[in-house]
Structures are given as C-alpha cells and as structure tokens.
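Dear colleague,

Please find below the structure that I am handing over to you, with its sequence. My notes on selected parts of the structure follow it.

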Amino acid sequence: MEVGPINALNGFPVWYKDENGLRLQLNTDTNDPFSGLTPAELPNPGQPVSFPDNFPSEAFYFAAEAEMETGTGERARLVLAIEAAFANEVPAEGDQMVFGRVRIRVPGLQPGAEYTVTHPYGVGTFIAEPDGEGSGEINFTEDIGVCPLEFEQVFNSRVHPFLQWDSSVPPAAPAGYIGDPNVLHPVTGSPFTDRFGERQNIFRIEGPGIGIGSPDRSTSPGLNPDNAIETRNFSLLGKISPISGVDVTRTTYTQTDAAGGFIDVFASSDTTPQQIEVSGSGILPTVLQGGTGLYFGRVAFNGSTPPGTITVTNVSDNHPASVKQSVPVDFITATANYDTDTKTLIVDAVSSDSFNPNVDMTVKDFGIGVLDVPADGPLIVNLTNLPPELVIQSSAGGEASVPVIINGSPDAPIGVVANAGIDQTVMIGSQVNLNGNGSTGPITAYNWVQTAGEPVILENPNTVAPSFIAPGTTGTLTFELTVQGEGGPSSDTVDVVVVETTDAPVANAGQDQTVQQGTLVTLNGSATGDVTSFNWEQASGPSVQILDADTANANFIAPKQLTTLTFDLTVSGPGGSSIDSVQVTTLTDNLTITRAEYRIGDSEWRISGTTDVPGPGVTISIFIGNTLNGIVLAQVEANALGQWEYRVEPSAFQPDETRSISVQSSSGGAIINIPVTIRQ
C-alpha cells in the first residue's frame, strides 16, 4: 500500500494506492452522489467546500458496508472504510488523520453464545455480550491510524486491497468510481479464501439459530441455514484518483557571486513515471529527472538573489495539473563537537550562500538562549549540559539538525556520601537506634564510632543501623559514621542528647484542604517538641494508599469521586506521643461538551466531551432531555486525557421533543439542556 502527496488545499493525502495499483482519492464533494456525503455535512450547506471553515468532519477514500436481518428481525451491519477525520472531530490544521476501520454490529443474539463473522478482510470469533435488555450483541470496532498527520499508519489496517464492483454482474460501476454506494452490488477483491475455497467477498455470520426466520439465510453448501446468514451485496464507495499529485521535499540554493546561482529541487509523486517541471522568475522551465516516485533537478537562476518562490508542477496530471509552490532557502553544512575534558562545545556552520554578506547563522535555543555562530570562525562555548543534536538556522531560511559528536574522557561515577541521620533527644536508660539509611552511592562498608560524651556500648557498629542503651547521666553523645566505596571514604556525625525527662511532642496535621480529584495531595504535618517518629493513618473516606506515611509530609492520590477523607497524624518522642487530624475534600469535576449530534438516516448518536478529572474510573452518564431525570442513553468512561465519547448506530433511542441531552459525571459534575444538532 502507498500514500500519495499531501493536498495543499486540505492537508490530507491526495490518494492511497493498494497492492493492485488501484489509486483512490479523498472525495469531499458533498454534491457528488457517490461521495457518501451530503451538503448537511457542512457547517454552511449552501457554500462550497473550503478548508477548514466549511469542511466535512469526516470523508472517505474507501467505504464498503453490508447489512442483513437476523432471525429476530434485528439489523446486522458491517462497515469497512479508509476514513479521513480529525483528532478533535472539528476540521483544523494539524489535526488531520486517516484510519482504517472494521466495525461489526449485531444485536438480538443469545447472550454468551459464540458467533463467527466472515468478511472480505478476515474472520472473527465473538462471544455475544449482554446488552442489558435480555439479549446479546456483538459491538466491535477496530480503528487503526488515529494519530494526527501519521498518514502511513493506515497501512497497518486490514482494509486493503480495495474492493470493487464485480464486473461480471451488471450494471458496471460508474465511470471513475469503484461502485455506486446507493446501489447494493456484489464485490471482488478480498485477499482471503474461506473454508469452502471461495474468496471472502461476503458478509456471513454463523451462530446458534441466527438464520431461523431470517430472509438472509445462508445458501452456501455445507452450512446449516438455521445457523448462518450471509449476503454478497455491498454498498461500495470510492473515487479513482486521476491525478498523481506532487510534493516538494526540498528547495535549496547555492550562490557564490552576483551573476546568479543554482537551485536544487527535490520532489515526490506516484511511482509510475510522471513529468514534473519547475519554473519561476529568473529561471527557465526545467523538467525534473526521476521516475520511481522521487524526482530531482538543478536549475540555474540569474541575479544577485534567488527567486522568492518557485513553482513545481506535475504536468502529467491534467484534471487539472498538480501545483506546489516552495521558497528556496540556503543549504547549511554544519558540525557540532563537545569535549568532556574541557566542557567545550565547538560548532562550525557554513551557508551555501557565500555571496550575501548578510547571511547570519545561529544555534536554536536549547535552554540557554540563541547562540550566534561567528562569520569568521566556529562558535566556542563552555557547557555542562547539552542536547543530543543542535538545530542550526540561517537568516536566509535554511535549517539543519546535526548530532553532537562527543569526545574526551568518561565522567567519574557517583561517589559514596555518608549520612548519619538527624540529631535525637532521648531519655536516660532508653534504647537508642542510629540510622545511616540516608547514605548514598555504591557503599561497600559501614563503620560507626563514638567520638564524644559518656562512653556507651554500640551493638552492631558495622551495620547501617546500630543501637545502644543511653547512659544514666545527662549529656550529649556524638557518633561518626564512615562509609567505604567508590569515591570514598565519606564521614558524617550525629548528636544524641540524653535527658532525664521531656514533654510529649504536639502533633499538627495541617490545614483542611479542598483538592481536585485524581491529583497528588500532600499532607503537611509538623510537630513541636522532641520528635522521633511520624505516622499517618487514614481514619475515614474511600481507602487510598498513603505514600511516605512515616514522614511529616505524606502523599496520596485523591479518589475520583466527590467525598471527604480524614487522616490522623501521630507523632512520638521520648516524652510520649500525640495525635491530630485533618480533612481533605474533593472538588466536583468540570465537564465540557464538544459534540452533541443525532443523524436520522443511520439512527446514530455522536456525543463527546471532556472532564478535568482524567480516567480511568470516571463514568459519564448521558440522559435524553433537558434534565437528569430522562432516559439514560448511555454510560461511557473517560480516557486518560479526560476525553469521552459516545458514538453508536443504529440506536433504539431518538431525541425527545426538547431536542436536547443532559450529562452527569460520577465525579459530581453535570451539564443540563445541551442542544442536539439533528442531521439527515
């Protein structure tokens, strides 16, 4: 599969070409009866299509649909498509995406029963899921290629090669199209063969009792018609592209004197040979060389400056010719070297325009500001950090990205650092624990020694946490921790003050807080008096995991619901302990609606919006009508970006007389009386 050049008018590829060489273009003509679109798809139906102000939110390169009736009178539907759309559903530059879709919708099945679906691009086995109304259903959608501007991702979809009307069955497809979407017709083109040795140009469902009473009971030999329905008739959409298009991938110039210079033009088009020409002020029309999709030419220009723009034309396209304009810029040759010993970055950059004395070269800001490259020599700058590559920019329009080449000695590894812990106040005769867990680096050995105060006996002095019994007299004891390892040794000291008695510390759990759901919350505890330990525990509210519960400032993630939580802080010291509490209350989430639409023709709802509490764990309930007491249309989950969408067809529910919906979030937010756009 191949993708064509980008259409300058809308930012989508001109065409997609399948393995058989069939090339289909994006058809956005709402007045074309074969496009699958109507003027109602446009914001201004009476005006011509224009991007982005009056452009459909979706259009097709290819679409094939088939429908059948099950034995219970339900509609089984298959949708296969290469669809152009927008990441945020509203036409906008930079949001264009093209994806391949396989959608299977079958209601009215036996819950828990197994069904096999055969279609032109594969075979799938499904277990009918309960629909909440006593029946089972298959509700499967596979969309591949939904990243904006990543137009080659659609190659990973199953929807290729393209289907076409079976030419052995009259009538023939309309000239320039693979079929008429308004007429059901057999198709060809499936790359697969079913278990009966026939090409899978069919929509078939096999499962218990699905064919009993159905007008689409299977007629294929070897199948029990009570348990199988099938159709070979499809609604097929696709316009054959008469043009190859053209992309200009690079236009750079070279100039050494006032007489003129050269422009190097790189272009791309279809792999079939094309005649591509370049023209412009000050240059003679020239045919680019190539023929396998890549084209190149060097053309001369006259004068002290290159043309402001050049025009690249694919004259092989005569429906009409495809044209792209490009601005010639200079070509930059550059290197970047960094020496780890001197911490010096050296950048050399040369422009292909050696005639113009006003061409300046700069290094794009990577955190320390824009750097000027001197005209008479390299840029030399001392740095301790730098990016993996630099972007060199020219005042003549050129830009080059160059990797930074590293030379010099390796950096020294992290050395060990001793940390003997915080000073303590203890009571006479109590057990005291020293703590060197705060020490860092590749430690190979610990050693504790007492350096001041009444002598005591250290238990396990060669471990990270030795202990001793406080002496019977008051005073200050000092201990030194020495750690061994790479970059060591390193030492640190800690003081232990021995007292006869001390008051209990006083805990302070901090001020009550109001926080956003799903965010990180910090419990700001503190204490007065002599403290040896902190401990946070949850006293009420939905259970959360407390991080760093043994420190003054603990953390947790606020639950995704409207609630109040209580936490107790216990502080302990030589004189005893005390407890204080704090409450944390979550805020209601904020909801927005980005689309509320109902399409009469397909009985299709398209509703989407956002919440400022990202999923998973946030459920949006959609109600028909202008209150939260209406029929529940659906419940959907918000994604990790807080986006949610409900898109289902056909639906058993229609808008009521208010022509509105209302939504409510499990996180407390609500919007009522949202107008619904009704489309045909």
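How many bridges join strand β43 to strand β45, and in which sense do the two strands run? In this predicted model, strand β43 (residues 533-540) and strand β45 (residues 564-573) are joined by 7 bridges and run antiparallel. Within this pairing, Glu537 has Asp568 of β45 as its bridge partner.

Strand β45 also pairs with strand β46 (residues 576-586), again in the antiparallel sense, and this pairing extends over 10 bridges. Here Thr564 is found opposite Thr585 of β46. The two strands β45 and β46 make up a hairpin, and 2 residues lie between them.

The largest pocket has a volume of about 1,400 Å³. Its lining comprises 49 residues, and those nearest its centre are Arg105, Glu645, Tyr646, Arg647 and Val648. The elements that contribute two or more residues to this lining are β5 (75-86), β6 (96-109), β10 (136-144), β47 (591-599), β48 (604-611), β50 (632-637) and β51 (643-648). Strand β6 gives the most, with 8 residues.

Two or more lining residues come from each of β4 (59-69), β5, β6, β15 (233-237) and β48. The element that gives the most to this lining is β4, with 5 residues. The lining of the second largest pocket divides into 11 nonpolar, 8 polar and 15 charged residues.

Is Ser351 buried or exposed? Ser351 counts as buried because its relative accessible area is 14%, and the cut-off for a buried residue is under 20%. Its side chain forms a polar contact of 2.6 Å with the side chain of Asp330. The side chain of Ser351 also reaches the backbone nitrogen of Asp353, at 3.0 Å. Leaving aside residues up to four places away in sequence, Ser351 touches Asp330, Phe331, Val359 and Met361. Ser241 lies 110 residues from Ser351 along the chain, and the C-alpha atoms of the two are separated by 41 Å.

The other serine is Ser439, which is placed in the loop between β34 (431-433) and β35 (443-452). Why does Ser439 count as buried? The reason is that its relative accessibility is 10%, where buried means under 20%. A polar atom of the Ser439 side chain lies 2.9 Å from the backbone nitrogen of Asn419. A polar atom of that side chain also lies 3.0 Å from the backbone oxygen of Gly436. Not counting residues up to four places away in sequence, Ser439 touches Val417, Ala418, Asn419, Tyr446, Leu481 and Val483.

With kind regards

Definitions and conventions
Residues are numbered from 1 along each chain as its sequence is written. This is a predicted model: local features need pLDDT of at least 70, side-chain atom pairs count only at pLDDT 80 or more; totals for chains, interfaces and linings use all residues. Side-chain values use heavy atoms; hydrogens and water are left out. Buried means under 20% relative accessible area, exposed over 50%, partly exposed in between (1.4 Å probe, protein chains only). Contact means heavy atoms within 4.5 Å. A polar contact is a pair of N or O atoms within 3.5 Å; within protein, one must be able to donate a hydrogen and the other to accept it, and residues adjacent in sequence count only if both atoms are side-chain atoms. On a 1 Å grid over the protein atoms alone, a cavity is a set of points where a 1.4 Å probe fits but cannot get out, and a pocket is an open set with protein on both sides within 12 Å along at least five of seven lines; lining residues have an atom within 4 Å of a point. Grid points are joined across faces, edges and corners, and a volume is the space filled by probe spheres set on the points. Helices (H or I, at least four residues) and strands (E, at least two) are DSSP runs, numbered from the N terminus. Ala, Val, Leu, Ile, Met, Phe, Trp, Tyr, Cys and Pro count as nonpolar, Asp, Glu, Lys and Arg as charged, and the others, Gly among them, as polar. Two strands pair if DSSP finds at least two bridges between them.
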